[in-house]
Amino acid sequence: MTSRANAVVVGYDGSPASQTAASWAATEAERLGAKLRLVHVLALPVSSSPFGIAVTVEFEPLRHAAHELLDKVSRRIRADHRELAIEVVVEFGGTAPTLLQEATQARLVVLGSRGLGEFRDLTAGSVSAHVATHAPCPVVVIPADWSSQDADGVVVGVDGSELSIDAVDFAFEQAQARNMTLTAVMAWHDPVRTGPGDLLPLVYDLDALEQESAALLAESVAGHSAKYPDVVVRQELVRGHPDDVLIDAGRSAELLVVGSRGRGAFRGLLLGSTSRALVHYAPCPIAVVR
């Protein structure tokens with residue numbers, strides 16, 4: 001196992017979103033006793049001659065400019081985190097594949113919700129969603145305009161699925177490290193179709209559905225509370241669509257944690273619709289755990 005295994009990896013391209021992500025990642029790396037690994041990805045530079053023949057552009061000037069960009073942000077980070085070990089990496093290729101390769105030996109990957117270059121050219125947040133879908137480690141996506149000034153507490157979305165359990169454990173660890181209250185939120189609603197051939201019950205009892213959801217929420221946090229006895233836990237059962245409920249819960253949170261796929265996701269999709277929506281629209285940093 002290489003030294004990268006104890007690293008927090010952050011994708012950095014100089015955009016406001018990646019600057020916010022780099023600052024968040026530096027604080028987290030210092031807390032974990034890990035190194036910070038700043039990764040800048042350059043698309044393979046190719047231009048066309050007047051005759052339509054592809055001509056490869058010189059790599060070195062681009063590489064040099066990228067290293068200057070990373071050196072600049074490294075100096076800014078070291079001003080606040082003097083003991084933090086920082087590595088800089090410049091790679092040519094696709095942004096998502098490069099970050100996924102970095103993720104194979106990282107403790108955490110941190111990304112801005114929007115960026116420049118390939119980040120900007122793709123649908124907003126698509127690189128973040130792709131990395132969150134496939135990365136073997138937790139992925140944290142930071143909104144560009146997020147500030148921790150009025151943020152307080154960690155929120156975790158619960159639905160009783162296996163990945164939800166992993167998300168709850170990650171959220172407890174984060175709440176303990178930050179000495180913050182953890183709010184476990186579960187959204188419940190009338191039965192809905194979750195895929196082809198899924199039949200809805202003709203009659204269902206809303207009170208029974210609510211009670212079942214409340215029991216599942218309590219069960220989801222019970223074992224973790226024993227492992228993290230110092231964490232104050234609140235349980236919130238909210239009737240509504242999970243996207244809306246969790247976005248609202250995250251408005252005053254320092255971190256929102258979800259599993260990459262829950263009970264309501266279509267089979268075959270690695271990133272559930274709720275997780276994908278939150279990667280795009282969460283008002284605070286969101287950690288996707290799988």
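A residue is called buried here when its relative accessible area is under 20%, exposed when it is over 50%, and partly exposed in between, using a 1.4 Å probe and the protein chains only. By that criterion Cys-284, with a relative accessible area of 1%, is buried, and so is Cys-137 at 6%. The structure is a predicted model, in which local features need pLDDT of at least 70 and side-chain atom pairs count only at pLDDT 80 or more, while totals for chains, interfaces and linings use all residues. Residues are numbered from 1 along each chain as its sequence is written, and side-chain values use heavy atoms, with hydrogens and water left out.

**Overall make-up**

- The protein chain contains nine helices and twelve strands, where helices (H or I, at least four residues) and strands (E, at least two) are DSSP runs numbered from the N terminus.
- Of the 290 residues in the protein chain, 46% are buried.
- The accessible surface of the chain comes to about 14600 Å², and carbon and sulfur atoms hold 51% of it; such areas come from the Shrake-Rupley method with a 1.4 Å probe, and for residues only the protein chains shown count as cover.
- A search of the whole structure returns zero disulfides, a disulfide being a pair of cysteine sulfur atoms within 2.5 Å.

**Nonpolar core**

- A nonpolar core is a set of buried Ala, Val, Leu, Ile, Met, Phe, Trp, Tyr and Cys residues joined through side-chain atoms within 4.5 Å; the largest one has 81 residues, of which Leu-36, Leu-38, Val-110, Val-131 and Val-257 touch the most other members.
- This core takes at least three residues from each of domain 1 (7-142) and domain 2 (154-288), with the bounds coming from an automatic or database domain assignment.
- Once neighbours within four places in sequence are left aside, the contacts of Leu-36 include Val-8, Val-10, Ala-25, Ala-29, Ile-77, Leu-84 and Ile-86.
- Val-110 belongs to strand S6 (residues 108-112) and is buried, with a relative accessible area of 0%.
- Not counting residues up to four places away in sequence, Val-110 touches several residues, among them Val-8, Val-10, Trp-24, Ala-25 and Val-140.
- Ile-142 is also in contact with Val-110, and the C-alpha atoms of these two residues, 32 residues apart along the chain, are separated by 7.4 Å.

**Other buried sites**

- Helix H3 (residues 95-103) is largely enclosed by the rest of the structure, because seven of its nine residues are buried; these are Thr-95, Ala-96, Thr-98, Leu-99, Leu-100, Glu-102 and Ala-103.
- Met-186, in strand S9 (residues 182-188), is buried at a relative accessible area of 2%, and its C-alpha atom lies 5.1 Å from that of Val-158, a residue 28 positions away in sequence.

**Aromatic pair**

- The search of the whole structure finds one aromatic pair; rings of Phe, Tyr and Trp (its six-membered ring) pair if their centres lie within 6.5 Å, and planes under 30 degrees apart count as stacked, over 60 as edge-to-face and the rest as tilted.
- Phe-172 and Tyr-228 form a stacked pair, because their ring centres are 5.6 Å apart and their planes are at 20°.
- The pair links distant parts of the chain, 56 residues apart, with Phe-172 in helix H6 (residues 162-178) and Tyr-228 in the loop between helix H7 (206-227) and strand S10 (233-239).
- Both Phe-172 and Tyr-228 are buried.

**Exposed and partly exposed sites**

- Most residues other than glycine have a negative phi.
- Asn-179, although not a glycine, has a positive phi of about 55°; its place is in the loop between H6 and S9, and at 72% relative accessibility Asn-179 counts as exposed.
- Val-232, in the loop between H7 and S10, is exposed with a relative accessible area of 51%, and it is in contact with Thr-181 and Leu-182 when neighbours within four places in sequence are left aside.
- Glu-30 lies in helix H1 (residues 16-32) and is partly exposed at 39% relative accessible area; apart from residues up to four places away in sequence, Glu-30 touches His-81 and Leu-84.

Definitions and conventions: Contact = heavy atoms within 4.5 Å.
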